[in-house]
Amino acid sequence: MLTAIVELFPNTVVGAAIGGALATAGSILGIMDSAYAASALRLSVPIAFAALGGIFAERSGVINIGLEGLLILSAFTGVAVAHWLTGDGTTAVGPGIVLLLVIAVLLAVAGALLGLLGDTTGEIAVRAGGGVLATAALAGLTVALAGPTLAATWLAFYTAVLVSTAFALLFAVVTIEYRADQVIAGLAVWLIALGVAPFASNVIWGAVNSPGVDTLGTWTVPGLSELPVLGTVLFNAGPVVYFLLLATPLSWYVLAHTSFGYWVRASGENPKALDTAGVDVRRVRYAAVLLSGVFSGIGGAGLSLGRVGSFVGSGTTMIDGRGWIGITAMLFGNYNPFGAFGASLLFAALDALQFRLQQLNYAVPDSLMQTVPYVTVIIVLALVGRTRTPDAAGEHYESDED
């Protein structure tokens, strides 16, 4: 085929150029197999979870650009706790359960003090106690079903998610309670994480990069994993990949077809109308920002514990701008979870392509490949249309009752 095309051009220089270009394109297409698709899906995890978290926060009216920082903190926390529970050669899940419950209790107390759990003592007690009991039940079930080492890794994962949620709560207090500039507060979260995580790594391990820890492993679906192409991509993957495939449609359903989703959208579009309808705008925004912390925690810990098995604190850390790309994916998808997931998968596929090109000895600079997602979103938005930002995004709201 290539020979026939080249023969159409008698000029040897033109023919050689076309032949070389076609051969290069053929070799690139040749590497886009099921393994490549599975790699792209794995790489999309932190990007997509950051995007989902950003969607909830921004559609409620709170611009959270601290997602990169939340990814860093959760990635570090997961590895640090996993190393603490298994680092000396023996596994102890007891301290992990205690740490998990302590953080859950602190979050419950903070929610109660902020008035986020209800208006009466009974409501606060039921909701705070239910959250702590649910955390304890999840920890106990994990220990019962998994071996000691894997249970310790899962406890570290849960802890990382709670720590990310705690920092998201701190961000929410600063921006909602004290009406700080949301962009500056988000940048502060990122800069704090960018400094704290490598510093803590130096304190714990004497280096910005951690030693290796066990990962969450792979979940293989019997029978379905033998299917051609889809079996490798969808049914023989890490657990966090399954979480992403579940979280994306669930987020869309919540936003589009539930009362809470309506409140979130109204809070970002017309908070006055929502307040008039008797819904507390403040609580809705707190809940949405906390969800961004949960999703970012899953994404960050999913990268360090789900795939890499260590924390890399050098440079911009192992997160390496994935939170910023998640924000780009959110805009690319126009605040739709499915659109954000598709954009995240596109950007991850470009990242996976970079690794494959290096294997084929194509000297493509990393810095050049990292600009591709941003250039792509600019081109697409220019050709397709602009992203519509929620009307009240970034604006503080003060209820008439305050």
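**Cavity, pocket, helix packing and aromatic pairs**

The largest cavity is lined by Gly54, Ala57, Glu58, Val62, Asn64, Ile65, Leu67, Ile327 and Met330. The structure is a predicted model. Its largest pocket has a volume of about 690 Å³, and helix 7 and helix 13 both contribute to the lining of that pocket. The axes of these two helices, helix 7 and helix 13, also come within 7 Å of each other. The count of aromatic pairs comes to 15.

**Largest cavity**

- The count comes to one cavity of 30 Å³ or more.
- The space in the largest cavity amounts to about 30 Å³.
- Helix 3 (34-59) and helix 14 (322-332) each supply at least two residues of the lining of the largest cavity.
- Helix 3 provides the largest share of this lining, namely three residues.
- By class, the lining of the largest cavity comprises six nonpolar, two polar and one charged residue.

**Largest pocket**

- The lining of the largest pocket consists of 25 residues, and those nearest the centre of the pocket are Leu107, Gly131, Leu162, Thr165 and Val294.
- At least two lining residues come from each of helix 5 (93-113), helix 6 (121-145), helix 7 and helix 13.
- Helix 6 gives the most to the lining of the largest pocket, with seven residues.
- The lining of the largest pocket divides into 19 nonpolar, four polar and two charged residues.

**Packing of helix 7 and helix 13**

- Two packed helices are described by the angle between their axes together with the distance between the axes.
- For helix 7 (residues 148-177) and helix 13 (residues 281-308), the axes cross at roughly 145° and come within 7 Å.
- The crossing of helix 7 and helix 13 is right-handed.
- The contact of helix 7 with helix 13 has 17 nonpolar, seven polar and three charged residues.

**Val98 in helix 5**

- Val98 lies in helix 5.
- With a relative accessible area of 52%, Val98 is exposed, because the cut-off for an exposed residue is over 50%.
- Val98 and Ala139 stand 41 residues apart in sequence, and their C-alpha to C-alpha separation in space is 9.8 Å.

**Aromatic pairs**

- Among the 15 aromatic pairs is that of Phe76 and Trp205, whose ring centres are 6.1 Å apart and whose planes lie at 75°, so the pair is edge-to-face.
- This pair links distant parts of the chain, with Phe76 in helix 4 (residues 67-86) and Trp205 in helix 8 (residues 182-205), 129 residues apart.
- Phe76 and Trp205 are buried.
- Trp219 and Tyr242 form a stacked aromatic pair, 6.0 Å centre to centre with 25° between the planes.
- Trp219 is partly exposed, with a relative accessible area of 39%, whereas Tyr242 is buried, with a relative accessible area of 18%.
- One aromatic cluster is formed by Trp154, Phe157, Tyr158, Trp219, Tyr242 and Phe243.

Conventions:
Residues numbered from 1 in each chain as written. Predicted model: local features only at pLDDT ≥ 70, side-chain atom pairs only at ≥ 80, totals over all residues. Heavy atoms only, no water. 1 Å grid on protein atoms, 1.4 Å probe; cavity = no way out; pocket = protein on both sides within 12 Å on 5 of 7 lines; lining within 4 Å. Points joined across faces, edges and corners; volume = space filled by probe spheres on them. Helix = DSSP H or I, 4+ residues; strand = E, 2+ residues; numbered from the N terminus. Nonpolar A, V, L, I, M, F, W, Y, C, P; charged D, E, K, R; others polar. Axes fitted to C-alpha atoms, helices over the stretch in contact; angles between N-to-C directions. Left-handed = near helix turned anticlockwise from the far one by under 90°. Buried < 20%, exposed > 50% of the residue type's maximum accessible area, 1.4 Å probe, protein only. Phe/Tyr/Trp six-rings, centres within 6.5 Å; stacked < 30°, edge-to-face > 60°.
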